[in-house]
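The exercises below are meant to be worked through with the sequence and the 3D view side by side. Try each task before reading its solution.

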Amino acid sequence: MKIVFAGTPEFAVSSLRAAARHHEVVAVYTQPDRPAGRGRGLAPSPVKLEAIARGIPVFQPESLKTPDAQQQLRDLQPDLMVVVAYGLILPKAVLAIPTHGCWNVHASLLPRWRGAAPIQRAIQAGDTDTGVCLMQMEAGLDTGPVLLRQHTPIQAGELGGSLHDRLAELGAQVLSDGLGLLRAGLKPIAQPQPEQGVTYAHKLDKAEARLDWSHDAQALERTVRAFNPWPIAEAQLAGERVRIHGAVALADNQGKAPGTLLAAGREGIDIACGQGALRLRVLQREGGKAITAADYLNARRDLTVGA
């Protein structure tokens with residue numbers, strides 16, 4: 001079986017390894033190298049690095065909408081195209097090229113959280129359950145029928161980064177299961193997504209990371225967890241902008257106005273919210289590294305409880 005793999009970020013690497021296990025990946029498509037780091041030099045994607053390490057040819061078109069890009073794919077004569085967080089739109093003409101069409105590994109239980117940021121949105125919304133779907137792609141945004149799915153609980157206090165890593169491995173497992181069935185001539189049965197329960201996981205925006213103390217503390221805690229490791233929540237604390245890597249919601253705001261400093265000690269820095277309070281446990285000052293609340297307080301002797 002000749003597989004073409006399309007993916008870009010770290011999330012897709014485990015699935016590439018699963019697809020390449022039987023030496024069937026004839027080409028990898030990934031987004032063009034992008035500026036990264038302080039020097040803003042061009043950097044290859046994690047998927048490109050994995051493909052190079054495996055000796056798999058890499059293609060990096062700016063778009064798959066051009067006749068040349070589509071002919072290039074057609075010349076590979078793929079039986080299947082596997083797409084995992086590729087980041088480019090696949091036109092109908094591309095979806096029709098592989099013999100078995102295009103499969104997508106998506107990090108949610110469709111139809112919940114279609115779109116770009118399903119992992120973070122699930123945590124932010126307070127979901128207790130998530131998973132991965134193997135989907136037969138069609139022209140709509142994550143609207144195709146589901147071939148296989150796997151559930152997993154979202155652990156209490158889980159961060160976006162740890163859930164990302166777990167779902168990446170689960171995605172590779174689901175893909176392996178689907179490929180195994182296809183090799184055996186038992187292509188998974190496509191189940192249409194239900195019309196009820198559709199939600200959209202819009203792309204993360206750095207502006208969303210700014211915490212508003214007038215909001216509910218539980219919601220702010222979920223945002224802190226969802227946005228770790230990117231873009232990392234931030235807020236104003238006694239006149240200073242800080243990034244918040246770890247926090248926990250408390251029930252009582254002591255009747256104080258949102259933004260009021262309620263307590264400051266080794267356990268954390270408690271800030272009154274619209275409902276409840278948020279205890280900041282791990283913070284980062286401008287230009288510094290992430291530190292515990294205790295270390296932060298050692299540097300901020302000026303903090304006054306009640307202010």
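## Exercise 1: Is Asn228 buried or exposed, and what surrounds it?

**Task.** Decide from its relative accessibility whether Asn228 is buried or exposed, and find which residues Asn228 touches beyond its neighbours in sequence.

**Solution.** Asn228 has a relative accessibility of 13% and therefore counts as buried, where buried means under 20% relative accessible area, exposed means over 50%, and partly exposed lies in between, with a 1.4 Å probe and protein chains only. The model is a predicted one, in which local features need pLDDT of at least 70, side-chain atom pairs count only at pLDDT 80 or more, and totals for chains, interfaces and linings use all residues. Residues are numbered from 1 along each chain as its sequence is written, and side-chain values use heavy atoms, with hydrogens and water left out.

Next, locate the residue: Asn228 sits in the loop that runs between α7 (217–226) and β12 (233–237). Helices (H or I, at least four residues) and strands (E, at least two) are DSSP runs, numbered from the N terminus. Leaving out residues up to four places away in sequence, Asn228 touches Leu159, Gly160, Gly161 and His245, a contact being heavy atoms within 4.5 Å.

Finally, follow one of these partners. His245 belongs to strand β13 and is buried, with a relative accessible area of 18%. Beyond four places in sequence, its contacts include Val224, Asn228 and Ile232. His245 and Leu280 are 35 residues apart in sequence, yet their C-alpha atoms are 8.3 Å apart in space.

## Exercise 2: The seven-stranded sheet

**Task.** What is the order of the strands in the open sheet, and which are its edge strands?

**Solution.** The sheet has seven strands in the order β5-β2-β1-β6-β7-β9-β10, with mixed pairing, and two strands pair if DSSP finds at least two bridges between them. Its edge strands, which each pair on one side only, are β5 (58–59) and β10 (146–153).

Now look at β6, where five of its five residues are buried. In a regular strand the side chains alternate between the two faces of the sheet. In β6, Leu80, Val82 and Val84 point one way, while Met81 and Val83 point the other way. Strand β6 pairs in the parallel sense with β1 over five bridges, and Ala6 stands opposite Val83. Three bridges join β6 to β7, again in parallel, with Cys102 of β7 as the bridge partner of Met81.

Helix α6 (residues 160–183) lies across β1, β6, β7 (102–106), β9 and β10 and runs at about 150 degrees to β10; the axes here are lines fitted to C-alpha atoms, for helices over the stretch in contact, and angles run from 0 to 180 degrees between N-to-C directions.

## Exercise 3: The largest pocket

**Task.** Which element gives the most to the lining of the largest pocket?

**Solution.** A pocket is found on a 1 Å grid over the protein atoms alone, as an open set of points where a 1.4 Å probe fits, with protein on both sides within 12 Å along at least five of seven lines, and lining residues have an atom within 4 Å of a point. The largest pocket is lined by 50 residues, and Pro9, Ala85, Tyr86, Gly87 and Ala116 lie nearest its centre. Among the elements that each supply at least two lining residues are β3, β6 and β7. Helix α6 gives the most, with four residues.
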